[in-house]
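The sequence and structure come first.

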Amino acid sequence: MRDATPEQDQTIYLADYAPVPVTVTHVDLQVRLDPLATRVSSRLTCIRQGPGDMVLNGELLKLRAVRLDGEELSPDAYSLTDTTLTILNAPDSFLLETEVEIAPQTNKALSGLYMSNGMYCTQCEAEGFRRITYMLDRPDVMATYDVQIDADLPVMLSNGDETAHGHWRDPWPKPTYLFALVAGDLIATHDSFTTMDGRDVALNVWVRPGDEGRTAYALDSLKRSMAWDEKVYGRVYDLSVFNIVAVDDFNMGAMENKGLNIFNSKYVLASPETATDADFANIERIVAHEYFHNWTGNRITCRDWFQLCLKEGLTVFRDQQFSQDARGFATQRIGDVLNLRARQFREDAGPLAHPVRPESFVEINNFYTATIYEKGAELIGMLRTLVGAEGYAAGCALYFERHDGQACTIEDWLACFEAATGRDLTQFKLWYTQAGTPVVKVTEHFNDGTYRIDLEQVIPDTPGQANKKPMPIPLAFGLLAQDGSEVVGTQIHELTSETDHLSFDLDAKPVLSILRGFSAPVILDFVQPDAERLTLLAHDTDPFNRWEAGRALAKDRLMRAVTDDADFDAPWLDAMTTLATDTDADPAFRALALALPSEDDLAQSLHNADVVPDPDRIYAVRRAAQLAMAEHLRDDLSDLRESNATPGSYDPKAEDAGKRALSATLLRLQTMLDGGKAARAAYDVANNMTDRMAAFACLLDAGDETVAHSFEQDWQDDRLVMDKWFMAQVAHAAPRDAVGVADRLTRHRDFDASNPNRFRSLIAGLTGGNPAGFHNPDGTGYEFLASWLLHLDKSNPQTSARLSTAFDGWTRYDADRQAMMKAQLERILGTTGLSRDLSEMVIRMLK
Ligand code: ARG
Ligand code: ZN
């Protein structure tokens, strides 16, 4: 036990892990649904496995009865607090019955059992089950379930197989966080899948009446995911039914409850008229992600929440592989790296940095982060590179065989790869325990026929961690001749020490293509001449690095424009034009290559270069670069857009999506020149939401004053489309107007802060979508955010805490902005009744 420091220190430590003295092997639940008085009767089969009292978790429960082996428990046989029920001197094996009452209608935290548009649903990860009944609410307690739902409702679902209307039996032992219950007036689209061992699985996507026409893509994605997991990982589904439910009020993306996945409706419902290409891609990815959890998460789960990356990093890696197979390796990889840099590198560079496997937390919901998910996935990718594709397959096979039915740790996972491949992974494990993005410094020397690359890794200090040890960094690289032909094909060099070097005997200095495919989540510190980057952009055999060379050229120019007022030079603009007009290249790739680094990406990079980022200047410089590109391409823009049109009916396939992405990029450039004329025409003829949103954004950028109103007239009854409407108006407002626009929209009749999608659209539309607006030098953006976080925190701490991360870059900025942000963080912290979620975040940001 730790020192008895103040009552409010609720920190939980990995080092304190201990198994429960009494475990539960079977759960029998009866749930009588009622909006304000739901009765939950539970009968737990309990078995002692060590000395100590049985401490069950419970929150916001009204306890009506406790019985042990059928006998009412006397008051001296148990004790009760706000969050626990302790059974004193429990016997070696017994049945524990409790009856509690809960009020799903008033649950606006969306954790536990709650109501959304009249339908009952649950979210139990991480610790929501304790809001349903008393239980050992931790992932290392795995039990089978029998669930009886009583209500006069047409659809009543839980995990496993239905044995009678409203009665469900889940034969697979699972932790509480995978429990789910859904009931209401729902409609399903049905399909089926035959497993590779010949069993038929019924597939259903359940939605609100009226939404059944938008389920086809989710079902199709589900079937493709099931086939892919059989083919690539040998994993077969294990129940006779797989249900997906779409819910409008949901804190996160989706949840992998056993046999009953519950999704944010944003990641299920799609039609060409209402969903964009990005929505379709997200649906495909998230359906796959949740389905893949059935093996990586459910059949093998986490011993404790510190091991969250065991299921999330691995499952993200698997969904990325799936999307690469479905959509093409290069564009998927580029998109995943952009996302990693935007969210995880930012997190890793600031006050919220934490290891992929943290060692302590106050509120686990604050650790569903880009580090645990996306960096966690990068670690799996590096492991695969280090042990090779065959070693990876062997390690995975051993993991599934050895640990099926268990609650595991990262040590268990790594031990499978050590056993299967013979490789010592001791040093690799540092990737899980050391936070911070390593910087790899690269310097080249060419002398008398010897080409030498010097390498050095530096891992920055992060909160609570200094003086880190070198980690094994797989560097994929190749060498090109100055004319662009490849002289050394892709090799992997493992940088394991702080410094290292590579030498080659060559006649001439080659062009280095390093970190191919983004083989490690590191920042390269490598000054490469423009001419060499142009060679890579034109000729590298590695498409990721072709894109990366273009990105480096653009970033250099934008940064020099910010710091030195540098011009946008003709060679760069020519290269951009070549890319734009290269009809042999994939349109999706061209769209990615023409996109400039985001404002926040530039702020990050400037900060890393010891320049205080000025959000207004960054905004202006990006616009100027776009204008320069537009002028350079002026004569081609219209024809280019024409030649990338996707006539006929909308198809979400990647090939068409790539053309639409390129066409949207070109329309943005056209808008810089014509003030919105082309965008207006595009808006009027759009027959799908992708083209419509692209044109809508351009018109907002151009200051069009009527389009927001007409968009609203067309779509006011569609909640998912209206989320886009809220977000786009804030994100595309002129920086000085953005806070005002956001504030005005909070008074719109359709703004509902209790709906996380709507709240996030508006708030993140400002903080993420309009950085110069959020960082308005008058401080109103900061005050606006803090006020809304405090407002939401009273009902939904999870979402409020998550959106507070917009403040995590506060120390990057000038003294005035820092003082204003700090004052808002302190205002939040000084508010009484703050949630544990938000207070933990603010305390970490202020440290
Ligand atoms: N396990 C879910 C997923 O990644 C995320 C659910 C997290 N929810 C939460 N409230 N922390 O697929
Ligand atoms: Zn997940």
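## Domain layout

Taken over C-alpha atoms, the centres of domain 2 and domain 3 are 23 Å apart. The model is predicted. Its domain division gives domain 1 as residues 22-184, domain 2 as 300-433 and domain 3 as 439-523.

## Contact between domains 2 and 3

On the domain 2 side, 14 residues are in contact with 14 residues of domain 3. Helix 5 gives the most, with 5 residues.

By residue class, the side of domain 2 that touches domain 3 has 9 nonpolar, 2 polar and 3 charged residues.

## Nonpolar core

In soluble globular proteins, nonpolar side chains tend to be buried together. The largest nonpolar core in this model contains 254 residues. Val182, Val245, Ile262, Phe696 and Val730 have the most contacts inside this core. Helix 5 is the element that gives the most to the core, with 12 residues.

What does Val182 touch, leaving aside residues up to four places away in sequence? Its partners are Met119, Tyr120, Cys121, Leu157, Val245, Leu260 and Ile262. Two of these, Val245 and Ile262, are also listed among the core residues with the most contacts.

## Annotated region

An unreviewed UniProt entry annotates residues 217-428 as "domain: Peptidase M1 membrane alanine aminopeptidase". In the model, the span 217-428 is 56% helix and 9% strand, and its end C-alpha atoms lie 39 Å apart.

Definitions and conventions:
Residues numbered from 1 in each chain as written. Chains lettered and ligands numbered in written order. Predicted model: local features only at pLDDT ≥ 70, side-chain atom pairs only at ≥ 80, totals over all residues. Domains from an automatic or database assignment. Contact = placed C-beta atoms within 7 Å. Helix = DSSP H or I, 4+ residues; strand = E, 2+ residues; numbered from the N terminus. Nonpolar A, V, L, I, M, F, W, Y, C, P; charged D, E, K, R; others polar. Core = buried A, V, L, I, M, F, W, Y, C linked by C-beta atoms within 7 Å. Buried ≥ 20, exposed ≤ 12 C-beta atoms within 10 Å, placed from the backbone. UniProt positions renumbered as here; feature names shortened; annotations may be inferred.
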